[in-house]
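Here is a short report on side-chain packing and pairing. Please keep the model open while reading.

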Amino acid sequence: MRRLFPVTDETVPKAPGSPGEEGGAGVLEAPADREWSLAELAAAYAYPEPTAGGRPVPWLRANMVSTLDGAAQHDGRSQPISSAADMRIFGTLRGLADVVIVGAETVRQEGYRPARARAEFAELREAAGQSPAPAIAVVSAGLDLDFSLPLFAAPVVPTLILTGAAAAPERVAAAEKAGARVVIAGDGVGVEPARAVRALGDLGYTRLLTEGGPRLLGQLVAAGVLDELCLAVSPMLTAGDAQRIAGGPPVAVPQRFVLASLLEEEGFLFTRYQRP
């Protein structure tokens with residue numbers, strides 16, 4: 001792993017005439033390429049701590065992977081375009097989050113399981129007042145979910161389901177019987193993104209992470225509630241008709257984000273963009 005941005009002591013130009021220089025011209029020092037520890041990754045991806053009126057407010061980041069030609073999946077799954085470094089960052093972002101927000105279709109396609117309590121993050125999470133593992137919050141209008149799966153039957157922290165007030169009562173009852181906590185975040189059958197973020201904040205979840213899928217991310221972008229995008233650019237080409245990282249109707253005006261950091265390992269670029 002190498003840090004390419006922001007520039008640090010590892011990447012600053014050498015001063016003219018410094019040892020190893022020829023002709024006194026400064027050259028760029030090659031950044032160190034090594035596997036970072038989880039502690040280093042956690043520091044690199046630490047959550048901002050915004051407040052309003054002295055109280056913490058939610059910060060929503062997304063973590064996605066895309067090929068060079070814009071595919072977010074291959075054969076319906078993200079794993080084939082991922083890497084070991086991408087999975088280390090995936091685990092780190094989960095280790096820092098209070099809750100992971102995910103769409104119901106992604107739960108079905110990716111075979112989602114409960115987040116694990118990892119010893120490497122235990123001290124950090126305890127110091128931050130967090131539960132041993134992040135909760136999973138599934139966004140679902142119809143609650144067409146298999147409640148016998150470990151995600152609902154055996155989580156470390158009870159799984160949340162974000163849905164609308166018009167959700168079928170029998171499906172809500174089935175979810176609650178399975179141990180899930182149903183959170184109403186919309187007046188109709190669907191979820192209103194801004195209301196979902198507020199509802200999670202009211203429950204004490206302020207470090208929010210979404211892993212998609214593309215339809216959910218598109219809804220969050222369109223609603224203007226996304227604060228940060230952690231995008232891994234995979235050095236692969238897939239062609240085909242795979243989804244982009246965000247789908248759905250376009251926004252009226254493209255949203256400009258600011259590059260906060262850029263890491264690289266084995267050709268994968270790990271970008272972090274934030275709302276200005």
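This is a predicted model: local features need pLDDT of at least 70, side-chain atom pairs count only at pLDDT 80 or more; totals for chains, interfaces and linings use all residues.

## Nonpolar cores

Val 138 belongs to the largest nonpolar core, which has 43 residues. Met 1, Tyr 45, Val 138, Phe 152, Ile 161 and Phe 270 touch the most other members of that core. Another core lies apart from it, with 28 residues, including Leu 200, Tyr 205, Leu 208 and Leu 220.

## Aromatic rings

There are two aromatic pairs. Phe 268 and Phe 270 are stacked, at 6.2 Å centre to centre and 10° between planes. Phe 268 and Phe 270 are buried as well.

One charge also sits on a ring face: Arg 61 lies over Tyr 47, 4.0 Å from the ring centre.

## Salt bridges

The model contains 13 salt bridges. Arg 272 pairs with Glu 228, with the closest N and O atoms 2.8 Å apart. Arg 272 is in strand β12 and Glu 228 in strand β10, so the bridge ties together parts 44 residues apart in sequence. Arg 272 counts as buried at 7% relative accessibility, and Glu 228 is buried at 0%.

Glu 35 bridges to Arg 88 at 3.8 Å. Glu 35 lies in the loop between β1 and α1, and Arg 88 in helix α2, so this pair links parts 53 residues apart in sequence. Glu 35 is exposed at 57%, while Arg 88 is buried at 17%. Shared partners join Glu 35, Arg 88 and Glu 265 into one network.

Technical notes. Residues are numbered from 1 along each chain as its sequence is written. Side-chain values use heavy atoms; hydrogens and water are left out. Rings of Phe, Tyr and Trp (its six-membered ring) pair if their centres lie within 6.5 Å; planes under 30 degrees apart count as stacked, over 60 as edge-to-face and the rest as tilted. Buried means under 20% relative accessible area, exposed over 50%, partly exposed in between (1.4 Å probe, protein chains only). A charge sits over a ring if NZ of Lys or CZ of Arg is within 6 Å of the ring centre and within 35 degrees of the ring normal. A nonpolar core is a set of buried Ala, Val, Leu, Ile, Met, Phe, Trp, Tyr and Cys residues joined through side-chain atoms within 4.5 Å. A salt bridge is a side-chain nitrogen of Lys or Arg within 4 Å of a carboxyl oxygen of Asp or Glu. Helices (H or I, at least four residues) and strands (E, at least two) are DSSP runs, numbered from the N terminus.
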